[in-house]
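Dear colleague,

I am passing on the structure below, together with some notes on a pocket and on a strand. Please read them alongside the coordinates.

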Amino acid sequence: MKIIPQKNQSSKTMENPQNLSNKITTKLRKSKIFRNFTYSKNIDNIEVFKFLPPPAIKGAFNEGGGFEDEYLIVGFDTEFHFDENKKKDFLTYQFYIENFDTGYFFVCENGEELSFRDILLFFNKEFKYKKFIFIAHFGIVDYKKFKDYELILMNCKLNMKTIFGKFKLEVYDNNRNLKKFDIVIKDSMLLAGGGGLKGVGKVIGIEKIEIGDNIKRMKEFFKENFDKFVDYAMNDAVIAVKFFKYFTKTLVEVLKMDKNDILRVNTASSIGEVYFSKLLEQKGIDNKEFTGVSEIKNVYWNQKLGKLMKFVKVDFDEEMKIWEKGYYGGRNETFLFGVFNQAFYDYDIKNAYPLAMLSIQDVDWNNRIDITNEDVYKLKWNDLGFLYLKFEFNDDVKYPMFPIETDRGIVFVKKGTTIVTIPEFLTALNNGMLKSYYIKDGIKFKKKDSLTIPDFIKGVIEERSKYKKGTLENTIWKLIANSFYGKTAQGLTGKKTLDLRATIENKEKKYKKVGKSKITNHFIAGYITGVIRSLVSEYMHYFSKEGIKVVNVTTDGFMIDTKLSDDELKGIGFLTKKFSKVRKLNLGDDEILELKHWSDKKARNVVVKTRGYWLEPVKKDDVVLIARAGIQTKSVESQYDDDFEKRKAVYKFLTENFLKANYNVKYIQKNLYNIGDVLVGNVEDIFEFEREVSMNFDYDFKRKPSVYYDDEIVFERKSYVKLKIEDTKPWESVEEFKEVKNAYEKFIKHKTNVNKVQKSEELEKFFEYVKLQKYSDSQVHKMEQVILTKIIFVLLLKGFSNKEIAEILNIDVKKVEKRKYSKTFKKIQEKGIKKISQEEYDEVFKIWIDKNINDRNIKNLIKNELVLNENNDEEDYFEVVIKKSLNDF
């Protein structure tokens, strides 16, 4: 890509800083970090300062990586201020050159913007480098501050809402000389696996500088405390680049990676993929052979050239590919609802993903074995493979364990048809859970006597144990173990990400599927998640037999109301005991569960929905779990320094809002506009915005409430009446589950969109509403319009005005007037209301009326007018008179 120079570029050397505005020169001397500075020059009326850091920063982590001679390594950050109209009226750019321990500070007091072209030419002139590595933290916000930011984005990929990339750029300087540059974009947030710059700084021993509320008034802060502003701004660029150097140094020294390997590592999750591929290469194992993929030749029509073109892609053949549907994520369900005054215990499978991977034997992907009902005896607990089957669980199985994918996530129902992994099938079979099954199709592979993945995982775990917890070395080894699974599953779910280039070119949001990694394999990924689902499901089945209450299950763990014995931690059935042996053989201990969180027996624990439950912190040493159901609580936590006080405050905030939950339970949520909104012109920049959002505390109906009642609760001296679901049962089928979920979405749309099922009466109303769903959407709509019209007619008969009727029904008065002119209304005027039976009222009208009308007297009035009274079918004198007047209307 070539860039033509812009006009009026100024690069003249400016006067000595002593002759500049006092706001900069004198205050810079107070800077604690960057005292040694010179006034460098000016680019397009933007002032540039050059800094030399103190000895504490200079030279840190210079060794390792091997990039210094070839690449200029540039830490990058910006500070900015938006006026009340969200327009930039102030901006600074900070660059820290790691190779030479030198900082550059660009001041744009009136919101002027540099171009990326300017920076490349500037540093090329300063240092003569033609290859650059730019490293920022959540850099997409900063790269957007270049006026030619699209040049960068078009050549980058999006991950975790920020970017990385590697590309070439051709730029003309002011003398029209062509300059060719190699650009690498890295992000310390991606490399660190997420989180803020403060955590990244801790890893390398450089503390992030905090400026409190000044973060909201950067322009004023710049003017009032320029020295502190410089310390804060430059320090962020320093942390990003120093972390990158420390990170690359660690990859070289600990993982023995070379420069090319490091350039391939763009995210924390990619470390495992790169490292594993490197080990395969060292062992002389072909990556394609190991993962079972092959080169597939294909053709496509090239519209531009007007001919067929050949291409080769690496993927599974069709016979293998059809089984991708057998890959599912984790099991996530909540089985209760309400406030529970008792101790809860939250257990996790220890090292769940590595544990599952320790049992994987290498297989010959070309030696495929078909499975039918007659071949069940051939199946082994650690076979890689899938079964496509029809199933039904026994009536006494409280927690069926076969996953079925729906458009609303995974559901576990009593009977149906699905694809399961072999460990899942054998766990259900050996625990006597299945009433019947029929295997329609199945596949497994012949095992080899090698253990490539277990050897890899064991090596990673052993290496990690050499380093202290919290160090970067320990963290990297942990990331390798945990991210390996993620890379085997990459590209299997159909997940899409924003296509930056296509979005820029088309000026509308364009998406593309996340591509597969070099080690993507649905049999391996499916086996890993299948094993973990099987382990938690076997425990849950055991709990149901032992009378232990299960609160929830979340991927690799569960919460229960009983503390387990030491023996129970080592397994309780077919599969859990096998994996206890796997742990013992490979890791030296046989406990597959560990207690992660717990609450005091006096605690009032709140359970709402999947990933929405919080334990009350009673004592300081209680390690409570708070899953916020997507609700932001930072504003609450920020008021406290003590962790215990923070947990108490968050618990109180969530509990109070849960107990008083109605349509008006709202809070201010903070979010960032994303780059897609910027690229299509919805907003001018990436900045924080606030919006009022509702908190939805309704149960999610992944299970069917079976035991429920209203519970009286006193909290903070206030009394509440709240629905309590003591027990649930599985849905009979996927169809029943979807019917209820569809009904709920429609049920909450009227009046408000949240918190419609907070009492037992409301739950019963909802179940009555579900009955209506046997009708089609158009039938329901038509029926509701008829009901509405009849009710309006009845209320008019009783002397209510249009305005009063609108208030009773909570609708616009114009809608009342519109129904009065409808065909249905005219038909009623002509023939009168056709009275209905009590049964029809209960099945149709009562559900609608209960949902939409709160006044009991109005409900009774309407019922008396609509329902046929078999003992008295004569019309009332007053009704005849009123009806006549309506006819005259």
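The largest pocket is lined by 46 residues, and I215, K634, K670, L672 and E688 lie nearest its centre; a pocket here is an open set of points on a 1 Å grid over the protein atoms alone, where a 1.4 Å probe fits, with protein on both sides within 12 Å along at least five of seven lines, and lining residues have an atom within 4 Å of a point. This is a predicted model, in which local features need pLDDT of at least 70 and side-chain atom pairs count only at pLDDT 80 or more, whereas totals for chains, interfaces and linings use all residues. Residues are numbered from 1 along each chain as its sequence is written, and side-chain values use heavy atoms, without hydrogens and water.

The volume of the largest pocket is about 2400 Å³, taken as the space filled by probe spheres set on the points, which are joined across faces, edges and corners. Among the elements that each supply at least two lining residues are α8 (226-255) and β31 (688-694), while β4 gives the most, with seven; helices (H or I, at least four residues) and strands (E, at least two) are DSSP runs numbered from the N terminus.

Strand β15 (residues 345-349) is largely enclosed by the rest of the structure, because five of its five residues are buried, that is, under 20% relative accessible area (1.4 Å probe, protein chains only). Y345, Y347 and I349 cover one side and D346 and D348 the other. β15 pairs antiparallel with β25 (residues 557-560) over four bridges, where pairing requires at least two DSSP bridges, and Y347 stands opposite F558.

Best wishes

Terms used: Buried < 20%, exposed > 50% of the residue type's maximum accessible area, 1.4 Å probe, protein only.
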